[in-house]
Amino acid sequence: AEVARAPEVVGTMSYLDFGDSLFVAPNGNGGFVMVGLAPGAANPDRMVLQLRERTVALARVLRREFPGLTLRWTGEAALNIDLRRASGDDVIRSERTALPLIAALLLFAFGTVAAAALPVVAGTLAIGMALGAAALIAQFWSLSLLLQSVVTMLGLGLGIDYALLMVSRFREGLAAGASAEVAAEAAARHAGHTIMLSAATVALGFGVLLTVPLNEVRAIAVGGMLVVVFSALLATTLLPGVLAWLGPRINWGRIRRQRGDAASVAIWRKVGRGVTARPWVALMVGAGPLLLLAAQSVRLRTGLPRGDWLPPSMESSRALSELGAMGRGGIVQRIRIVLELPQGETIRGSGGWAALRGVVGAAERDTRVERVHSMIGVAAATGMGHLAMLFLPDSLTRGLASADGRQALIEILPHESVTPEQLVSYVGELRRTMAGHTGIEGARVLVGGLPGFNADYHDAVSGRFAGIVLLVTGGTFLALVVGLRSILVPLKAVVLNLLSVAAAFGALALVFQEGVGGWLFGVDEPLGAIFSSLPLIVFCIVFGLSMDYEVFLMTRVMEARRQGMNDRDAIVEALGTTGQVITNAALIMLVVFAAFAAADFLMLKMLGFALAVAVLVDATIVRIVIGPALLQLAGRWNWWPGAISNGPPVMHNPPSTTRDQVGEFHPPTSRVS
């Protein structure tokens, strides 16, 4: 009675209305009430939250007589609200976990407080600006709260990585004796080109995601594009100005000696010499395990994960478990069928009533159905048949038939044993066959409910994967051809990126789908499937992120070649100067993604895990071993159809010294084109 009086409610249905045992737990110690929310509300979330406040106050009163009583809301609306809240809480927890670790990593990498602080400030500023822009866009275009998760994840990852690269290049210039202005200009010119090329490839992946007609996927695309754009702009415009102003003060708060930087360069040069000396051995050792992991990706299945994977902290999740304990969990998975009759037919007439009876009868005969609720059942209870439509009060027919009689609602309650994935298949069958049971030409049967939504969701993404892969890989290839002025190097980058993505998919299949080590991530049993949209999202993000390290490495190789080095020396020099930067950037990404892999919300957990695996694989085996080995094997064909124009020979220790971007001295009049 208290809920029915709420202005947000148009009606309730419970044991009090029909004496139906469906609404009561078998042991009699609980039950449920179905609540109809007012249609056309501007803010359905607020309606549910206001109803929750009402029942919280009501429960306090009722507990005086029934001390153990609980009132909990569940259903589609409540579950969606709680999932969004759980996602937001996960983002906050992930930020709090990741930021201190990132600050510690940067402090260790740079050895000074000032240099470590700048990337953190840049990353958090990029997050704030992207969320602010998203808030403006959301005034005109509805966006899922998953946007917040992606913006935070990539802002902490990409935003900090781009700033890290710029600060590293600036400090190289200062260490070589250049003035603050010259060092900042050189960093903006060389690191800026790398950052913009990298950002273009990442943004491309998110741009293609806009073609998927799903709100949450489009929200991820919008959030990803915004944070990439702001991260790149901050790193290439504001940050160089701040660096020029700081000058030598960038090394304020030193905690370790700078000799460690030179030792790191020497170690990575040694790695580069080892890989380029035996490229075939490096290729086989690196590619073997990676190909085995990538091969597992063919086992990846998309759909609805089985089991109880909802966050246990959610009220709606606990209520759903309680419904399951009553044997009534299927009530949330009801399938709703709307029968639309052609002009001139109504369910008050014999033809329309026969059509409704045909649809209801077909549903009742299916072994997956526990019961069917419709006007047929209401009329049968009166004993009057379809004549009951003329005499029943509006309170009994409202919601089951339209005022003009041309539309009727049939609700199907599935058996408790039928899984959500099986219900998706059942929805497909209903859509293909139900119109044939009406016996009326022009009658339409529309199938909805939560299983219908899940079926539509799966269909919206399953047929688009191949096209999106083609668009992203093709667009990235063209962007790299323009940026690197080569065909073989972009082709190699695309193939290696696909390998990184396949490895991430293989790890997803093993851990979450098959349950190998899933307990480490809070998954107690194999889930059997991965969310339908996840492969699309992972592919578009991973493909862009993996390109970061390729661009970092290749721009240094090109700079070294233009200074007169041969291919092998250029690869060794590029690894020496970027190996530590790539490692630091990857460690930051790993910390961020690992923090999200610890989330309660399964979608975020899977996303964080897949991205962490991809970054780990890409920054170690792919870019440090396989990539340089392939570059060495290709030799001069790397630069076909053009050629790298060599600059003046590299001069060591000239009288007037500035340091170029690969760490060698040359006359100040020489410029790298």
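This is a predicted model: local features need pLDDT of at least 70, side-chain atom pairs count only at pLDDT 80 or more; totals for chains, interfaces and linings use all residues.

**The whole chain**

Zoom out. The protein chain has 21 helices and eight strands. Its C-alpha atoms fill a box of roughly 105 × 55 × 45 Å along the principal axes. Of its 673 residues, 52% are buried.

Select Trp-637. You'll find it in the loop between α21 (602-634) and β7 (658-659). Is Trp-637 buried, partly exposed or exposed? It counts as partly exposed, because its relative accessibility is 47%.

**Helix α10**

Next, select residues 315-325, which form helix α10. Color Ser-316, Ser-317, Ala-319 and Leu-323, which are buried. These residues sit on the same side of α10, because they cover an arc of only 160° around the axis. What covers the buried residues of α10? The cover includes α2 (44-62) and α3 (76-110). Just after α10, stop at Gly-327, which takes a positive phi of about 80°.

**Strand β5 and its neighbors**

Select residues 407-414 for strand β5. Seven of its eight residues are buried, so β5 is largely enclosed by the rest of the structure. Now show β3 (residues 335-340), which pairs with β5 in the antiparallel sense over six bridges. Pick Leu-339 and you'll see its bridge partner in β5, Ala-408. Then show β4 (residues 369-373): it also runs antiparallel to β5, joined by four bridges. Here, Arg-371 stands opposite Leu-413 in β5.

**A stop in helix α12**

Select Val-378, in helix α12 (residues 375-382). Val-378 counts as buried, because its relative accessibility is 13%. Try the distance tool from Val-378 to Leu-400: C-alpha to C-alpha, they are 9.6 Å apart in space, and 22 residues apart in sequence.

**Salt bridges**

How many salt bridges does the structure hold? There are 23, and we'll visit a few.

- Select Glu-2 and Arg-54, whose side chains meet in a salt bridge (3.1 Å, N to O). Glu-2 is in the segment before β1 (9-13) and Arg-54 is in helix α2, so the pair ties together parts that are 52 residues apart in sequence.
- Go on to Arg-93 and Asp-600, where the N to O distance in the salt bridge is 3.3 Å. This pair links distant parts of the chain, 507 residues apart: Arg-93 is in helix α3, and Asp-600 is in the loop between α20 (567-597) and α21.
- Now try Glu-172 and Arg-556, a salt bridge at 3.1 Å, N to O. Glu-172 belongs to helix α5 (residues 146-175) and Arg-556 to helix α19 (residues 534-562), so parts 384 residues apart in sequence are tied together. Arg-556 is buried, with a relative accessible area of 2%.

For the last stop, select Glu-76, Arg-334, Arg-336 and Glu-411: salt bridges that share partners join them into one network.

Conventions
Residues are numbered from 1 along each chain as its sequence is written. Side-chain values use heavy atoms; hydrogens and water are left out. Helices (H or I, at least four residues) and strands (E, at least two) are DSSP runs, numbered from the N terminus. Buried means under 20% relative accessible area, exposed over 50%, partly exposed in between (1.4 Å probe, protein chains only). The arc is that of the directions from the helix axis to the C-beta atoms. Contact means heavy atoms within 4.5 Å. Two strands pair if DSSP finds at least two bridges between them. A salt bridge is a side-chain nitrogen of Lys or Arg within 4 Å of a carboxyl oxygen of Asp or Glu.
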